[in-house]
Amino acid sequence: MDRAAVSKTVDQAWDEAILPSLSELVRIPAVSPSFDADWENTGHLDAAIEHVRAWIDGRGIDGAEIDVVRLPGRTPLLLVDVPGSADAPDESVLLYGHLDKQPPLGGWSEGLGPWTPVVRDGKLFGRGAADDGYAGYAAVTAIEAVRANGGSHARCVVLLETGEESGSPDLPAYLEHLRNRLGAVSLVVCLDSGAGDYQRMWLTNSLRGMVQLEVEVQVLDSGLHSGIASGIVPSSFRIMRQLLDRIEDSATGEILLPELTVSIPENRIAETRAAIEAVPGMVTDSVPWPEGMRPVTDDEVELALNNAWRPTLSVIGADGLPKPADAGNVLRPSTTLQLSFRLPPTADPEAALAAVQRRLSEEVPYGARVSFGHSEAGLGWNAPDPAPWLSGALDTAGEEIFGASWRTMGLGGSIPFMGLLHEAYPDAQFVVTGALGPDSNAHVPDESLDLAFAAKITSAIAYVLDAHATR
């Protein structure tokens, strides 16, 4: 493959073809089903699928089959099947992205908005630009760049789902439905991950699992005047505090249940140190600290390991608590919390969920009633070590495209799809990367995509595809 020409091909595609179409994709309010229960009638997910399908179809890729796959009652999925080069092995490469988006939220800066694409200072602003609308464009363009410059690639299947921001609930069914069609997957490329800086390529080496659980503590059937009931009836909030103390040390944030903890592998500790040495401040600078606020420790390596390999609890929702302006002197009948646990990559999420439920419901103080509502449990993922051919391709891309060595990092978030794929294809190599770098603001106002960095990632994927086919 003429590697010197690859970046030129990719840069031209980004300037002339991708940016105009991606900008129009930003305009489509394709929020994920968790935030649009009426998604089938609003039609925004279908509109996003059709927009990208039409763009890919217009590229005229020789031999490509483009299908919108629909299972009853499930979100649609766009599948692009590109035949491999004549000299490539009879294997498949799966390139993943998603087209659903987080909700818009308020608070966007002046001149910016969730559904209004704006190019400013080399970035495309708008919801879904970086997370993860660009992925399908990058994947297809990487394949085109290999073909245009004398390279080889195995059969490539681009899979773009529309439920990732809701936890990918439909993907297991689609993976089973498409198992025979996907074939022998020996390389997975995911373009929905992050970067520690914009100076080099970053591979995600682990993702945390997750557990969510709604828990209610009830002490009365209805509220009572606090002057009458307090001191007689225990507060549901106080009981909830006691129950949470069984799970988390409130002084340190340490999770106390062994089912939620693992021993951190030595290679991940070493890679974390290398990443921090390459980009000091990578972790601490990722947070917009209010004045006077400080992190849980000054050791940045420990912060990174906390975020990637240690379990954490966040209370992400509450019910039974009126707004302060509406609060009367009432001993409330119940308190409900939505608990979100991030789990180490190799922890068993189902065992973790069972342990949390068991600890919250046994020997409850005062005989209060504990009940559970909606729950979720998602797999984490720990990457296999890169094969020599993959390390070599990344070394070359680092030198020729980025001018800096590639690095790895663990991410504190979850992409349940990766755990599912690792279970389905345990012998495959994984390249989990992406353009979600510093200040890309995924999920919050002012989301943006660094266009030059996204183009470099695209070129690097072309290198990987060619190396995989010729290994």
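Is Y137 buried or exposed? I looked it up in this predicted model. Y137 has a relative accessible area of 1%. The cut-off for buried is under 20%, so Y137 is buried.

**Entry: aromatic pairs**

I searched for ring pairs next. The structure holds four aromatic pairs. I noted that W55 and Y137 form one of them, and that this pair is edge-to-face. The ring centres are 4.7 Å apart, with 65° between the planes. Planes over 60 degrees apart count as edge-to-face.

Where do W55 and Y137 lie? I found W55 in helix α3 (residues 44-58) and Y137 in helix α4 (residues 129-148). The pair therefore ties together parts that are 82 residues apart in sequence. I checked W55 for burial too. W55 counts as buried, at 12% relative accessibility.

Then I turned to W381 and F430. They form an aromatic pair that is tilted. I wrote down 5.4 Å centre to centre and 50° between the planes. W381 lies in strand β15 (residues 381-382), and F430 lies in strand β17 (residues 429-432). So this pair ties together parts that are 49 residues apart in sequence. W381 counts as buried at 1% relative accessibility. F430 counts as buried at 6%.

I also looked for linked rings. Ring pairs join Y198, F402 and F453 into a cluster.

**Entry: two helices**

How do α1 and α14 pack? I took helix α1 (residues 3-26) and helix α14 (residues 451-470). Their axes are 9 Å apart, at an angle of about 135°. That makes α1 oblique to α14. The crossing of α1 past α14 is right-handed.

I listed the contact residues. From α1 they are R3, V6, S7, V10, D11, W14 and L19. From α14 they are L451, A454, A455, T458, S459, A462 and Y463. I sorted this contact by class: nine nonpolar, three polar and two charged residues.

**Entry: V215**

Which residues is V215 in contact with, leaving aside neighbours within four places in sequence? I found V215 in strand β9 (residues 209-218). V215 is buried, with a relative accessible area of 0%. Its contacts are M240, T335, T336, L337, L339, L360, V370, S371 and F372.

I checked one further distance. V215 and A308 are 93 residues apart in sequence. In space, I noted 26 Å between V215 and A308, C-alpha to C-alpha.

Note on methods. Residues numbered from 1 in each chain as written. Predicted model: local features only at pLDDT ≥ 70, side-chain atom pairs only at ≥ 80, totals over all residues. Heavy atoms only, no water. Phe/Tyr/Trp six-rings, centres within 6.5 Å; stacked < 30°, edge-to-face > 60°. Helix = DSSP H or I, 4+ residues; strand = E, 2+ residues; numbered from the N terminus. Buried < 20%, exposed > 50% of the residue type's maximum accessible area, 1.4 Å probe, protein only. Axes fitted to C-alpha atoms, helices over the stretch in contact; angles between N-to-C directions. Parallel < 35°, antiparallel > 145°, perpendicular 65-115°, else oblique. Left-handed = near helix turned anticlockwise from the far one by under 90°. Contact = heavy atoms within 4.5 Å. Nonpolar A, V, L, I, M, F, W, Y, C, P; charged D, E, K, R; others polar.
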